[in-house]
Amino acid sequence: MATPTPPQAGGGLLDRLRGDERRQPYTARKITALTVNPGCERRAVLDAAGVDKQKLALRLGQPMPFGQSPLAITRQRAFDDQLKAYGYAELITLLRAELGVPVEEAAVADLNTVGENADLPPRAAETKNLLRAIAEDREYRLILDHPILTLDVAGTTAYLEPDAVSHRIGDQLHVVLVRSFAAVDGQANAGKVAEAAKQAAVYVLAIRQTLQASGLPIDLVSDRFLLVLPKDFTNRPYGRLVDLRQQLDAVQYQLDRLATVESRAAALSPEATLDLSHNAEGQPAASADQLLRTVEELPRLYGPRCLDMCELSRYCRDSAVNEHDPSHLGSGVRDSLPGLENTSTALAFARGERDDVAETQKEVVALLWTAAELRARRLGGGAS
Ligand code: SF4
């Protein structure tokens, strides 16, 4: 069953841009995606406004299937259940092995519901109470299972749900993330580990924000997290502590930057709208043309990595290709052509079809001429 999502508070201008459509909540995955492509203003504004990017892509005629496959979700659930069976026996064993202290007396607070209530605000309130109790030493050996953390993201309250927070060990709490990709001989897919680390960093910052708001020390939360994976080709769990310091800085930087997103939205034209709602007669509040014009007012920073992490990637890729934007060939090509607006311009200079070189383009055009000359010699077989 999907976790109920509460309405979330947000900025006035960004709310107006979204119109009557329900705000899409920030998730740890969304926040970390911003660190992958921090220069993309388009995504920053869409996420801050809580626009459903999947729906928007559909309205722009470029839908993109996204999210975990049903098979991956089933595998993840089965692994989660296994860790929690028999009073969380396997999770507690891992904590003992990886964090190196006796944990026999550890108790678990199951925060999947509070009473019978699965709503996020009461679960978040209970999580806060327990974190404070742990920080003040009123609760010592308490593992939090699926706590709900809150994080202020550009004036919006994001509700975030890590798999677990360990009990207090050596005066530190650790975020625990359970993932279903395998660790074979102690090695796991580096990209997936990095992605999990970024999400863990978001959770660490959220716990620290909660403690700070209560005047409690934030260094109670470790800057390492425990990543739990299936071991080799079995379903036995394997745990590894992963350092988060770099990710904490990257995520904090993005969160600070998001606080200025509203000023970017303020620069949009007065008729700009991202309203995806429909009226009672089923008529869309905004036409596809209006939506497209607004999206085009927001500068994109497309790169091939967008395909893995953004619902608008098909739309942005096609625009980049049509405009001969070098970014669709990757950041390496884009960064090699500073001052040249597109690949057509670069080719025109390289082929000698243009010689109106601006002062700021001199260096890159000289490199292009050298490259073109070398290529011609190679193809002509006359290299000296
Ligand atoms: S796909 Fe488009 S909106 Fe999404 S991050 Fe890339 S450039 Fe930005």
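How many residues does helix α15 have, and how far does α15 reach from its first C-alpha to its last? Helix α15 (residues 362-380) has 19 residues and reaches 27 Å. That is close to the 27 Å expected at 1.5 Å a residue, where the expected span is 1.5 Å times one less than the number of residues.

The model is predicted: local features need pLDDT of at least 70, side-chain atom pairs count only at pLDDT 80 or more, and totals for chains, interfaces and linings use all residues. Residues are numbered from 1 along each chain as its sequence is written, and side-chain values use heavy atoms, with hydrogens and water left out.

The chain holds 15 helices and eight strands. These are DSSP runs (helices H or I, at least four residues; strands E, at least two), numbered from the N terminus. Buried residues (under 20% relative accessible area, 1.4 Å probe, protein chains only) make up 46% of the 384 residues.

In α15, the buried residues are V364, V365 and L368. Seen down the axis of α15, they fall within an arc of 95°, so they line one face of the helix. The arc is that of the directions from the helix axis to the C-beta atoms. These buried residues pack against α13 (331-336) and α14 (343-350); contact means heavy atoms within 4.5 Å. On the other side of α15, E363, L367 and R378 are exposed, that is, over 50% relative accessible area.
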